[in-house]
Amino acid sequence: MLLAYAAAAEYKQTHPIARAILQAAARHGLRLPDIDTADYEVGYGVKVQLAEKTIHVGSARFMDIENIAIPAEMEQIQQHCHENG
């Protein structure tokens, strides 16, 4: 469900990460939920409302601005990915 939410949030975006998320969702045959509202912060991320859920997709600094804690395990994965391009 996480991939479907991320793809729904990134649906109108054209940057490479959004395209990769959308391609992964398509490969898995996921149906994307409808978005009620979207607030895009260029260079940071997107916050969308889906039914009664608010979904945030974006950078670590976007999560920090939104006061969303990133679990240590995810920070390690992010650091590994960053180091490996």
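Residues are numbered from 1 along each chain as its sequence is written, and side-chain values use heavy atoms, with hydrogens and water left out. In this predicted model local features need pLDDT of at least 70 and side-chain atom pairs count only at pLDDT 80 or more, while totals for chains, interfaces and linings use all residues.

Reader: Happy to start with the strands: in what sense do strand 1 and strand 2 pair, and over how many bridges?
Author: Strands here are DSSP runs of E with at least two residues, and helices are runs of H or I with at least four, numbered from the N terminus. Two strands pair if DSSP finds at least two bridges between them. Strand 1 and strand 2 pair in the antiparallel sense, over five bridges.

Reader: Which residue in the turn between strand 2 and strand 3 has a positive phi?
Author: Strand 2 and strand 3 pair in the antiparallel sense over six bridges, too, and Leu 50 has Lys 53 in strand 3 as its bridge partner. These two strands form a hairpin with two residues between them. The residue in the turn with a positive phi, about 55°, is Ala 51.

Reader: Is Ala 4 buried or exposed?
Author: Ala 4 lies in helix 1. Its contacts (heavy atoms within 4.5 Å), not counting residues up to four places away in sequence, are Leu 30, Arg 31, Leu 32 and Pro 33. Because its relative accessible area is 3%, Ala 4 is buried.

Reader: And by class, how many residues in the lining of the largest pocket are nonpolar?
Author: The lining has 32 residues, with Ile 21, Val 57, Gly 58, Ser 59 and Met 63 nearest the pocket centre. Nonpolar covers Ala, Val, Leu, Ile, Met, Phe, Trp, Tyr, Cys and Pro; charged covers Asp, Glu, Lys and Arg; the others, Gly among them, are polar. A pocket is an open set of points on a 1 Å grid over the protein atoms alone where a 1.4 Å probe fits, with protein on both sides within 12 Å along at least five of seven lines, and lining residues have an atom within 4 Å of a point. Alongside nine polar and two charged residues, the nonpolar count is 21.

Note on methods. Buried means under 20% relative accessible area, exposed over 50%, partly exposed in between (1.4 Å probe, protein chains only).
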